[in-house]
Amino acid sequence: MRMKTVNHIPKHTGFKSPPGYLENFEVDFNREMAPVSIKTSGQLAIWAVVASIVVWLGFLTWQYQANELDQEEIAYYLLEETDVDVFELVEIYGLDPLHDFYDVPIQSIETYLTEETIYTTEFLTSQ
Amino acid sequence: MTDQELLKQLSDPITRHSAFGLLVSLYKQRLYWHIRKIVIAHSDADDVLQNVFIKIYQNIEQFKGDSQLFTWMYKIATNESLSFLKSQSRRHFRTIDNLQSILVNNLKADVYFEGNDIQIKLQQAIARLPQKQKLIFNMRYFDEIKFKDMSEILGTSEGALKASYNIAMKKIEKYMTSN
């Protein structure tokens, strides 16, 4: 079909919108937009807190592991690689570090040392 | 409610939200159809319309009232639609005109197009126009916007707009009768 002028064509583009789209536009627009604004500011704050907690926990864990490693390494080094023995350490630092490190009662350490070594109860209790 | 009253409510933080809701309900249809004619596909028009209202909301305080509110919003909608087409054409390594022609040629398969063959042909004729003539033709032929208002939206003199519209009309007539 040939057209003489565009005036013969109805002034309708032929486009249509999905049913209810324009009627519900505000509802959908508000639903989509409102959470976005809350999300962006709210989530940023939440993520900042979460990130700082993660970083802080990571730092603490790293520090704790480093301390543990240090203790183990030092103990191993002193006992295996040097002439310094556990009794010399007791002499210098007392019994508390041993108790803390091995998590055994001081009484047990004293008993072991007096029975197995030349150290006397007087010496040990004076530490 | 007049534009002035609406603007007054929009500038007040207490009434801003409800006034903006009113503005959306007043202008959504006109802006949607204006955008749709430029970007062609409904889903793209929906995205652009949402962006347009966000921009209107963000910039409403900068509107000085030296033009009509609707021409100011039309200007935002036009710019946003053209920016959208520009980004799409870059993404697909095409020109905007080329992209619009492809979109028009796919109209038959578009579930949100109910036009007949003549309407498809008219869209194809419009797609062949230079970008500014397209806008002028659509605004005048379908939306019946006055040349005075169009002049504010497009920043072109009324005389130049009238001349462009006549040229566009002749090109379309020629296409419609020769194809």
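Let's start with B:E144: it has 8 C-beta neighbours inside 10 Å, so B:E144 counts as exposed, the cut-off for that being 12 or fewer. Keep in mind as you look around that this is a predicted model. You'll find B:E144 in the loop between helix 7 and helix 8 (147-154) of chain B. Its phi is near 55 degrees, which is a positive value in a residue other than glycine.

B:I40 also has a positive phi without being a glycine, about 75 degrees this time. This residue sits in the loop between helix 2 and helix 3 of chain B. Is B:I40 buried or exposed? It counts as buried, because it has 25 C-beta neighbours inside 10 Å, and 20 or more is enough for that.

Here are the two neighbour counts:

| Residue | C-beta neighbours inside 10 Å | Class |
|---|---|---|
| B:E144 | 8 | exposed |
| B:I40 | 25 | buried |

Now for the place where the chains touch. Chain B puts 27 residues into the contact, and chain A puts in 19 residues. On the chain B side, helix 2 (16-39), helix 3 (42-59), helix 6 (117-127), helix 7 (131-142) and helix 9 (158-178) each supply at least two residues. Helix 2 of chain B gives the most, with eight residues. Sort the chain B side by type and you get 14 nonpolar, eight polar and five charged residues.

Note on methods:
Residues numbered from 1 in each chain as written. Chains lettered and ligands numbered in written order. Predicted model: local features only at pLDDT ≥ 70, side-chain atom pairs only at ≥ 80, totals over all residues. Contact = placed C-beta atoms within 7 Å. Helix = DSSP H or I, 4+ residues; strand = E, 2+ residues; numbered from the N terminus. Nonpolar A, V, L, I, M, F, W, Y, C, P; charged D, E, K, R; others polar.
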